[in-house]
There are 6 protein chains.
Amino acid sequence: MFRHTKQLQFEAKPERPDPVYAHKLQELIGGAFGEMTVTMQYLFQGWNCRIEGKYKDLIMDTATEEIGHVEMLATMVARLLEGAPATMTAEAVKDPVMAAVIGGMDPQQAIVAGGGALPADSNGYPWNGKFIVASGNLLADFRANAAAEAQGRLQTARLYNMTDDPGVKEMLKFNLARDTVHQKQWLRAIEELEADGLETDIAPSALFDEENQEHNNTIWHLSDGPDGNKGGWSTGEDRIEYLMDPKPLGGPGTAPKPDPALYGTYSPTQDAVGTVKGKAQSVKSKLT
Amino acid sequence: MFRHTKQLQFEAKPERPDPVYAHKLQELIGGAFGEMTVTMQYLFQGWNCRIEGKYKDLIMDTATEEIGHVEMLATMVARLLEGAPATMTAEAVKDPVMAAVIGGMDPQQAIVAGGGALPADSNGYPWNGKFIVASGNLLADFRANAAAEAQGRLQTARLYNMTDDPGVKEMLKFNLARDTVHQKQWLRAIEELEADGLETDIAPSALFDEENQEHNNTIWHLSDGPDGNKGGWSTGEDRIEYLMDPKPLGGPGTAPKPDPALYGTYSPTQDAVGTVKGKAQSVKSKLT
Amino acid sequence: MFRHTKQLQFEAKPERPDPVYAHKLQELIGGAFGEMTVTMQYLFQGWNCRIEGKYKDLIMDTATEEIGHVEMLATMVARLLEGAPATMTAEAVKDPVMAAVIGGMDPQQAIVAGGGALPADSNGYPWNGKFIVASGNLLADFRANAAAEAQGRLQTARLYNMTDDPGVKEMLKFNLARDTVHQKQWLRAIEELEADGLETDIAPSALFDEENQEHNNTIWHLSDGPDGNKGGWSTGEDRIEYLMDPKPLGGPGTAPKPDPALYGTYSPTQDAVGTVKGKAQSVKSKLT
Amino acid sequence: MFRHTKQLQFEAKPERPDPVYAHKLQELIGGAFGEMTVTMQYLFQGWNCRIEGKYKDLIMDTATEEIGHVEMLATMVARLLEGAPATMTAEAVKDPVMAAVIGGMDPQQAIVAGGGALPADSNGYPWNGKFIVASGNLLADFRANAAAEAQGRLQTARLYNMTDDPGVKEMLKFNLARDTVHQKQWLRAIEELEADGLETDIAPSALFDEENQEHNNTIWHLSDGPDGNKGGWSTGEDRIEYLMDPKPLGGPGTAPKPDPALYGTYSPTQDAVGTVKGKAQSVKSKLT
Amino acid sequence: MFRHTKQLQFEAKPERPDPVYAHKLQELIGGAFGEMTVTMQYLFQGWNCRIEGKYKDLIMDTATEEIGHVEMLATMVARLLEGAPATMTAEAVKDPVMAAVIGGMDPQQAIVAGGGALPADSNGYPWNGKFIVASGNLLADFRANAAAEAQGRLQTARLYNMTDDPGVKEMLKFNLARDTVHQKQWLRAIEELEADGLETDIAPSALFDEENQEHNNTIWHLSDGPDGNKGGWSTGEDRIEYLMDPKPLGGPGTAPKPDPALYGTYSPTQDAVGTVKGKAQSVKSKLT
Amino acid sequence: MFRHTKQLQFEAKPERPDPVYAHKLQELIGGAFGEMTVTMQYLFQGWNCRIEGKYKDLIMDTATEEIGHVEMLATMVARLLEGAPATMTAEAVKDPVMAAVIGGMDPQQAIVAGGGALPADSNGYPWNGKFIVASGNLLADFRANAAAEAQGRLQTARLYNMTDDPGVKEMLKFNLARDTVHQKQWLRAIEELEADGLETDIAPSALFDEENQEHNNTIWHLSDGPDGNKGGWSTGEDRIEYLMDPKPLGGPGTAPKPDPALYGTYSPTQDAVGTVKGKAQSVKSKLT
């Protein structure tokens, strides 16, 4: 069960409105790596966690924080939109900069949300449940968490460079810091899983004996770049072998004869079809 | 530019059809962490890579391999569907096991694809471009790659346990092996980025001085689990501090006065609204 | 900012597993009117609310409760899936009822979530941000809230009739109760808006003088059902007039001449095209 | 079966083109509460209606009208796009206002539709079937209808304020009027359902005895706003009780032991995991 | 403007219910090539048509018919669901065939639609606006129409083979017939466009002189299949040339130096990165 | 299995950056008829092809080429974005043209892709698997292919007119040429299918005797346009008959009595509901 206080986790006050920036900031709310994603990703991971104790508690602490980040950003967007020229008509727009501002705004922030934030990204695409990962395997999920925080911090850093507003920058400095520590904590938790003997370095830590031993340590050179085998990954004792001229190991990928009731195009003597026009028909006639 | 050989990278022949399993296998084709995802993720990362050489070449080698994995799985699905009872009518279904098989099939594999694979997951949801990550920042993207391969191997391992068919298992053993080495290679490539001085351990490797120093090494205890601070992450010299009783740092998240032309509900004397019914109206009358 | 306790708002313990029901229960989690919808709908409405006081506080109290409902349902799903035959192979399935169970399961609950809930509906379609409404206009939004709770209670009631499990029923009785009171509260809040003079009975409460007075109280009889004008809505002093033989008021909906650079099919003498084959060409030749 | 006349229900002629406004107007065509939504919502409700007579006839009359509203708006969009600078090249754009216009246009209206309307909203997101509600329960659906018309009128009103064009305003005045009467009619139809004894004030009108009686008249105070209990809803004889310090009623939301074949992270002695690093491993060794 | 009669265009009465078939039939309602698609495709094409007369009238006649096809199918689905065991509980299901039926049903037809049709396909994916084509170019669109009717007839034919119910088959025979004539009419309309001199055989009929003349009549042999050049397309006077050993014509696809403020991974001396570990760093130090 | 060379199929170098055009060009990458669509459409058709030989080889040759087209366009987009003012802040934007440029950019190309291409269209909507067609029936699919290439060439032609950049135009001339020959090849392959006796002119070439013979050669005049019957399609010996005053052939589309456990609104004496307010209730009382 959850409780809420009306105080924001951190202040979210722009010095002045900037509706074009409010448009861009949607990416951090409803984008694939926005705050709605980490909120829901950590909540579902916590609820789906099968091992009580430090891992689950860490997940739920972080999940609960992230709901408050959506709140901060939604508040910031509403404030950036204050006094936005949303309802300025074509006729009224004389100033070309104002015209450009209107062109750069998110029309739905005005028409749909009445000057507020949307659960969508900076192109108006709605947040959806496919953005999250909650597999029940902690190593696989902590990797996804570290990756999500990395993309999140990267996007926050890019947005940090797109504004001069001291209030916005102050909030983003906080967000950058939280993305830093969250990256760190998931990487540390990955180490902890190994120290606890719960997972090793490949997810899931199983089926190693069953997997094809011939093919679990080779990189196939299938593009003609000359440098792929010059990385550290292909040197040293534990190097991954670079197969420089790999050959396909399977036969041709032919699909089977179709169910006649599904009307896939087919001829009883398929090989005839390759060459001579009309062959299929003549063969078919003979068969009938 | 690409070239294609009709030989599969690895064999994909089931011993016998299994249309219910063909349904489940869609997850590895068009699911969020299926082969279409890693194909497109690596292709866009390669095309978007700003640094020629070993990293880009590794990415493109792997990307090109993955297209062939979609091919293997699509071929396997078509073969698993051979002779499927897709067109059996309700009347004809006397055998309850057969009835169950029909219930467990993906109707679109028959109706839409004529007995073949779909670019969709095991619930029929189509693959989409939001499943991929290609940010131009290699550390952030290699993290995402390692995470994607981990989820992919996890799902492959789960599906490995859902079949007894030796042909299917043989192919999945190959897939497991490739997912193992791909996890390994992206983790090694992350180390290489650091060795090369291109990135450090947090993505992006920038804005460290600018970020809020007070808040980049603390975990907020916002859920009541007692064990969050007992992990390795909160011990040792480089420990992350666990804030056991954190307080919100911001003011209330009030949204600004709305644009009247957008018709947000509002009263000139907002505080009046909190308590007495009708107060808003009486205040408004006085103002007019 | 939010806080979390690990205690559920209400107990969520099934008496025994039922993986087919776990599939159906997804509708109440990630469906268009599931708990994720009311959670996000009320959160965004609260954050977007422009009038401090009783309305906003009511919204935020309810929003915060709903997060806990997602939690209850996600927990219930995981428990219903305990021991599910997810990894039973085709070969192992001898019992037709077991075969049917497997056919009725959500494959992604096993393959993707490892035996847990998904942020998706009962057809595997992911929850998305378009499911919510948060316009900033409280009358319009409270209407949407009452409607959402009605659909939610309806679906809960249907699901209540699809199980015999006392534990599941116990939880759903709680959910039904909450959906009842939430419907009531939003309807009461609508009355309060009017009592406060903030909104009237049509949303938004504006532009009444501007709207077309001739057409704001008529129902157009455009289908041939004979009873449309026999409802209470078309009787009494404040009746809505039923236009029994309405005529279109506009001219033909012709689209303008296209931009030649966009290659819309067009002929300089359009009227010629209607009748004689080849006319367009001959006219064009004459023009050149 | 349907029939069509080429005359529009109401005129849809702008005085002059305005491609930026044509972009915004997409919201009323393919947005979540646009005309495609009410068209399909009422059609499916009518086809799914289980009770012949006045209700169904009212639904079908309104549904049929709404198809014509999509037609009016699609026509208006094509006309607003006449002569739009869609194919102006970067080089040719000297006038900054023209540049801003191009920036504010919907690129797909030109590239995809050749200067026409799209079945999408003002952010280019396509209309989809999840936007509609047709449950078979008339009370629940009429609530949704009144809510949809309220959001629709609100958005129309906002768009009315974003143009000065007399022709556009004339059409929107008609649309506003229709949204007014449609709100009215659904609210009246809700009253009629009650008068007819078909439904009461909560949907569905069933399971009232079964629902948890202790929890169907309380609001849980889970956010710290002080005014939630000051609304009319918590006063009077039929007041809803405000639980000022509610406690969770359930136990902890622990997920069950996972299926080993699904590789959820798990340890046989879970409680050990909470505290000491490596404990899980040492316990596991002892067990083997 | 549209009008509606309650009589169906053709009868839609199954002899007996079949809820599993009702699930499959969704494909013809809300699938990519279902009746909602042709309805909306033809409506938008008609509204977007820039040339009055026979073409537009043909489009609108057909569009109007298609709305009635959605109606027939929605009615059929509701009737196929009559008495469906939607609310049968796990406990009550003793009969394995019944269990299989429940597994093969669409859960949302019961939970969401109350025993009716959904605007979605046979995997529960909602119909969306991206399914349609309405470009303003009649040749391009009539091609799309003929293709859509072909896929539609194919799916109808497959579904025809999945039922024995005489009533269902009777309706599908009508649908098959309509799909036949609609294919025919669009192919005939394509011929008419040419006869009228409005379009030739390639869409759009423009920019033929501008396009690259060297590459508009060759097929590149990029897969190793030996028979591609044995079709009629590569024989005769107007044959398309088969380039048997095509070489790439462009340079390497290198992406430019990134904007430093976007944090793409980059090194000032890129070529160094290809080979030696740490080179990037040492080069960077020298530059500083 | 696939292989890759780093050389592009054709050069993709703009003369100068144009970030607004980079936004529009997304349509050709991830739009419904962009290069990702034809890539995946042809790949799945090839893998799903049930007839070895010339058809399958042609499909796979073309499929393999198309992957390289996505590559060319992704490279072009990155180059068009070089030096884009993505990170220019509101304060820094003094030049109104620059402001307009920023308004016309795709924010995600900067924030998400770091100055690169996205797997999405020109409105930021992600490419998805529903864009493709691969039914196993070659006639139906080749029709879809010709249609896709027609829409693709049309969009390319429109985009050709939106730029003056010689480098961009050079690449688009190549693309136009490829779209020309691909249209030609699919149309020729359709002729070949007929020559081979594999398919006739309607897809699928089956169930002609079963389909309703009375309704497979008539066009229903359901819109009031006077010219529909003046096309070549309704003249000549093989004319399609134009039914000028068609009548519905079915009965009313009434839905059956609902399952009481699903709470559809219903009254035992339905006909009573049509007329008198309260009738339903009084009837119900009598029944109890």
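Buried area is the accessible area (1.4 Å probe) that two parts lose on being put together, summed over both. The model is predicted, local features need pLDDT of at least 70, side-chain atom pairs count only at pLDDT 80 or more, and totals for chains, interfaces and linings use all residues. Side-chain values use heavy atoms, without hydrogens and water.

**Exercise 1.** Determine what area chain B and chain C bury between them, and which residues of chain B supply it.

*Solution.* Step 1: the two chains bury about 4100 Å², with 55% of it on carbon and sulfur atoms. Step 2: N123(B), Y263(B) and T265(B) supply 18% of the area that chain B buries against chain C, more than any other three residues. Step 3: with contact taken as heavy atoms within 4.5 Å, 52 residues of chain B meet 54 residues of chain C.

**Exercise 2.** Identify the salt bridge across the interface of chain B and chain C.

*Solution.* Step 1: the criterion is a side-chain nitrogen of Lys or Arg within 4 Å of a carboxyl oxygen of Asp or Glu. Step 2: the rule finds 1 salt bridge across this interface. Step 3: R16(B) pairs with E91(C), and their closest N and O atoms are 2.3 Å apart.

**Exercise 3.** Describe the interface of chain A and chain B by area and salt bridges.

*Solution.* Step 1: about 9100 Å² is buried, and carbon and sulfur atoms give 59% of it. Step 2: D61(A), R188(A) and W233(A) supply 8% of the area that chain A buries against chain B, more than any other three residues. Step 3: the rule finds 6 salt bridges here; D121(A) and K130(B) form a salt bridge at 2.9 Å, N to O.

Key:
Residues numbered from 1 in each chain as written. Chains lettered and ligands numbered in written order.
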